[in-house]
Every structure is written in C-alpha cells, then in structure tokens.
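Dear colleague,

Please find below the structure that I am handing over to you, followed by an account of what was found in it.

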Amino acid sequence: MEHVKTSARERDQVKATVITIGDEILIGQIIDTNSAWIGQQFSALGIKLYEIISCGDDAAQIVDAVNRAKANSQIVLMTGGLGPTKDDITKKTLVDYFDTELVLNEEVWEKMKQIFEKRGAKVLEINRSQAMIPKDCIMLPNMRGTAQGMWFERDGVVFVSMPGVPHEMKHLMETQVIPRLQQKFSFPKIIHATIMTAGAGESMIANMLSSFENELPTNIKLAYLPDLGTVKLRLSGFGQGEALAVEVNAQKEKMKNLLGQYVYCEGEERLESVIGKKLLAQGATVSCAESCTGGYISHLFTTIPGSSKYFEGAVISYSYDVKEKMLGVKHESLITYGAVSEECVREMLQGLLKVSGTTYGIAVSGIAGPDGGTPDKPVGTVWIAVGTKEKTVAKRFQFFPSRLENIRVFSNASLNMLRLFIEGS
C-alpha cells in the first residue's frame with residue numbers, strides 16, 4: 001500500500017477519476033493496463049488521480065460510476081464499451097445520461113467505409129453505429145480505429161469517453177485529450193524524485209524516515225511503494241518556479257544519507273541492471289548456482305540487454321546429485337547439514353567459481369514451499385552465498401509461505417547481497 005502525507009496545495013489539485021468499462025475486466029479475462037498508463041500521464045501533468053472505478057457493460061453501473069466520479073473530480077475519463085456489438089453500451093448510456101441524441105457523422109462514415117474497403121472487407125450496417133455521434137459532444141477523431149472518442153462538458157466537469165483498445169486510447173490521449181485538458185485547466189508544476197532501496201522492508205524504511213517525513217515541507221510528499229525485496233521511494237513536489245526542483249533534490253539527498261547502504265540507485269532501475277553496470281565498469285563477470293530459484297536469478301540477469309558481456313551462465317542444481325557431480329558439494333555436507341545450509345551454499349559457490357571461472361558468483365538453496373519445511377527450517381528459509389574464490393559471504397533469510405513470492409524474493413535478496421559485496425559494504 002502507498003502511504004502519503006498530503007498538503008493543502010495537493011488537495012487543491014485538479015482531480016480525475018478513471019472509469020474502465022467492460023465485463024471482460026471484471027471476470028479477469030483481460031488486465032486493465034489503461035488505468036496505470038493514464039495515471040502515469042496524469043502524474044506528469046500534475047493531475048491527481050482520485051479514483052479508478054471498474055464496472056460491467058451495464059447501463060445502471062455506468063451511470064452510478066459517472067455520478068460517483070463527478071462528485072469528486074473535475075475530469076472523468078472512461079475507456080471501453082464503444083464497439084459495434086450489442087454489449088458495447090457506453091455511448092448509448094451517455095446519450096441518455098446527457099439527454100442528447102445520436103446523429104450520423106457523414107465524414108466518419110465515409111472514412112469507415114474506406115477502411116473496410118482497404119481491408120477487403122464488407123462494411124456492415126452494424127458498423128454504422130460507430131459513425132453515430134452524440135449531438136452535444138465534441139468528437140475526438142480516432143485515427144487508429146473506428147470507435148471515435150467523445151468529449152462532454154457539464155457543470156464544470158469534463159467527461160471523456162475513449163475506446164478501450166490500449167493503442168487507440170493512448171493515441172487519443174496524446175493527440176487530443178491531454179492538449180485539450182491543458183487548455184481547459186491550469187495544472188501545478190510537479191517534480192518527482194525516486195530512489196530504490198533493497199535489503200529492508202517497508203516498515204523498517206518508514207521507521208528510519210519517520211522524522212524526515214514529519215519535517216518535509218507541505219508542498220512535498222513521500223510515497224512508499226514496496227515490492228518483493230525492494231521498496232521504491234518517491235518524493236513529489238508541487239509548486240512553481242525553478243526553486244521547486246532544487247528543493248526536491250535537496251530532500252532526496254537527505255533521504256539517501258539517512259538510508260545509506262539500503263539505497264541501490266536513483267530513478268527506477270532494477271537491481272540486476274545496476275549490478276550489470278557495476279560489473280561492466282570492473283570488467284568483471286558473474287555466474288549463478290541456483291537450487292530453489294530454478295534459474296530465476298539467471299533469468300533476471302538475461303532480461304538486461306548486453307548482459308552477455310558479464311553474465312557467463314548458471315548451474316541449476318536442484319537435486320543432491322547435481323550439487324555433488326557438477327558443483328563438487330560434499331556428500332557428507334548434504335547428509336550432515338542438508339541442502340539448505342551455510343555449508344552447502346558455500347561449497348556450491350566455490351564449485352561454481354571453479355567450473356565457470358567468473359569473477360563473482362551467487363549460490364542459493366532454500367525451501368520455497370508450500371511444503372518441505374521443518375521446525376528448524378520452515379518454508380521460506382533460504383541460505384545465500386556470494387563472493388569470489390578468495391572471499392565468501394553467506395547469510396540466512398526467512399521469508400514467506402508462498403512459493404512464487406519466495407522465488408522472487410530469494411532472487412532479489414541474492415542480487416542485493418552481490419551488490420553489497422561488490423560495493424564492499
């Protein structure tokens with residue numbers, strides 16, 4: 001959850017509500033990516049996204065959502081429900097809501113017929129409905145599709161309806177909606193500064209920043225955005241003039257100094273990318289010996305373009321046999337201490353470095369779950385070793401009861417240990 005400290009200036013921001021319309025969203029058939037993208041655009045403009053509402057293809061639900069939105073926002077954006085089929089009822093619902101009527105836009109109709117002709121398809125009467133535009137709206141021409149956007153204004157509130165297809169919606173937003181909003185409203189200047197942290201949870205970070213947060217100027221807010229093994233911290237400053245950027249930057253530096261080694265970068269870079277840059281700067285290489293993570297750490301490394309310059313490969317040593325035969329882990333160590341032990345990951349690491357010849361290595365062995373735990377090694381237990389042939393650091397962590405969450409957090413913890421080792425922390 002994102003925790004924020006609000007200011008009077010922020011409360012005076014222009015507010016917006018996004019309404020996503022479609023049964024397919026409610027039943028999980030598609031994922032709503034439109035709202036996240038719109039939120040990013042609004043944040044950059046200085047518009048406060050007050051709420052996101054999802055509703056089905058039902059007139060009463062749409063009306064309820066619009067009424068709720070206009071009570072709290074000056075901008076109401078709707079996506080979805082503008083297609084030619086019977087379940088696409090957004091336009092008809094808005095016509096009734098705004099007490100207007102549909103009229104045929106001949107220009108749109110001619111363009112639609114041309115589009116279908118170029119596709120070698122026959123235009124049907126059902127497609128004609130998409131050329132029917134509410135009489136009292138400003139039509140927003142859709143150059144990427146056949147469903148036109150619509151702009152209504154009532155009682156100081158702007159209502160915009162757009163198709164739900166992401167690339168069509170984005171095109172309308174960028175070419176028409178945003179420019180019109182900028183003409184209609186006066187938005188405050190907003191500046192963001194982001195730092196990424198790893199190795200401490202949200203509550204620990206919040207405790208470290210408690211006094212800092214209480215002393216922030218009223219025009220700057222701090223947001224915490226936790227993920228598995230990392231916490232993103234975002235400062236947002238509202239105001240005017242060049243002094244705002246200086247002020248936000250000064251607060252960012254204070255925050256970095258307070259958090260010390262937990263900060264791994266400014267901006268929104270991923271751990272594996274930051275490590276990759278450090279390895280490139282040293283002319284160094286890395287390899288992995290993965291048991292419980294099953295290659296996920298290696299996957300993270302190889303998602304970075306150019307990672308072949310420093311990532312040499314991995315041994316997925318899931319079984320005792322592979323640990324012994326490929327990494328040289330002693331059979332006695334496995335029998336005496338188990339695979340999830342300091343002794344095992346240290347031997348995995350040294351065996352890995354011997355066969356790979358890389359500068360650095362990561363070895364990880366744990367119990368991802370949901371079963372396999374014991375009283376002294378419950379599900380979520382993981383041992384991680386990082387280092388070189390000359391020096392090894394090993395550490396035990398205790399995380400979650402969920403398998404997929406554990407695979408991700410084990411991997412991030414491994415990467416963070418390697419980062420700290422490289423930095424000499």
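Met196 stands opposite Lys232 in strand 11. Please note that this is a predicted model, in which local features need pLDDT of at least 70 and side-chain atom pairs count only at pLDDT 80 or more, while totals for chains, interfaces and linings use all residues. Residues are numbered from 1 along each chain as its sequence is written, and side-chain values use heavy atoms, with hydrogens and water left out. Helices (H or I, at least four residues) and strands (E, at least two) are DSSP runs, numbered from the N terminus.

Strand 9 and strand 11 run antiparallel and are joined by ten bridges; two strands are taken to pair if DSSP finds at least two bridges between them. Strand 10 (residues 220–227) is also antiparallel to strand 11, with eight bridges between them. In that pairing, Leu225 stands opposite Lys232. Two residues lie between the strands in the hairpin of strand 10 and strand 11, where Gly229 takes a positive phi near 95°. Because nine of the ten residues of strand 11 (residues 230–239) are buried, this strand is largely enclosed by the rest of the structure. Here buried means under 20% relative accessible area, exposed means over 50%, and partly exposed lies in between (1.4 Å probe, protein chains only).

**The nonpolar cores**

A nonpolar core is a set of buried Ala, Val, Leu, Ile, Met, Phe, Trp, Tyr and Cys residues joined through side-chain atoms within 4.5 Å. The largest one has 36 residues, and those touching the most other members are Leu279, Phe301, Tyr360, Ile362, Ile384, Leu415 and Leu418. Among the elements that each supply at least two residues of this core are strand 9 (189–198), helix 11 (271–282), strand 15 (360–366) and helix 16 (403–423). Helix 16 gives the most, with nine residues. A second, separate core of 23 residues includes Ala16, Ile38, Leu45 and Ile75.

Which residues surround Ile362, leaving aside its neighbours within four places in sequence? Its contacts (heavy atoms within 4.5 Å) include Cys288, Ile297, Phe301, Leu349, Leu352, Val386, Leu415 and Leu418. In general, nonpolar side chains tend to be buried together in soluble globular proteins.

Leu349 and Leu352 are among the buried residues of helix 15, as are Cys344, Val345, Glu347 and Met348. The 15 residues of helix 15 (residues 342–356) should span 21 Å at 1.5 Å a residue, which agrees with the 21 Å between its end C-alpha atoms; the expected span is 1.5 Å times one less than the number of residues. Just after this helix, Gly357 takes a positive phi of about 70°.

**Salt bridges**

The structure holds 17 salt bridges, each being a side-chain nitrogen of Lys or Arg within 4 Å of a carboxyl oxygen of Asp or Glu. One of them joins Lys256 to Glu253, with the closest N and O atoms 3.8 Å apart. These two residues are three places apart in helix 10 (residues 243–259), so about one helical turn separates them. Lys256 is partly exposed at 21% relative accessibility, and Glu253 is partly exposed at 29%.

Lys256 also meets Glu266 in a salt bridge (2.5 Å, N to O). Since Glu266 lies in strand 12 and Lys256 in helix 10, the pair ties together parts that are ten residues apart in sequence. Glu266 is partly exposed, at 37% relative accessibility.

A further salt bridge links the side chains of Arg270 and Glu272 (2.6 Å, N to O). Arg270 is partly exposed, with a relative accessible area of 40%, whereas Glu272 is buried at 3%. Through shared partners, salt bridges join Lys252, Glu253, Lys256 and Glu266 into one network.

**The surroundings of Glu153**

Glu153 is found in strand 7 (residues 149–154) and is partly exposed, with a relative accessible area of 36%. Not counting residues up to four places away in sequence, Glu153 touches Val158 and Lys184. Its side chain makes polar contacts with the side chains of Trp151 (2.9 Å) and Lys184 (2.8 Å). A polar contact is a pair of N or O atoms within 3.5 Å; within protein, one must be able to donate a hydrogen and the other to accept it, and residues adjacent in sequence count only if both atoms are side-chain atoms. Glu153 and Gly387 are 234 residues apart in sequence and 63 Å apart in space, C-alpha to C-alpha.
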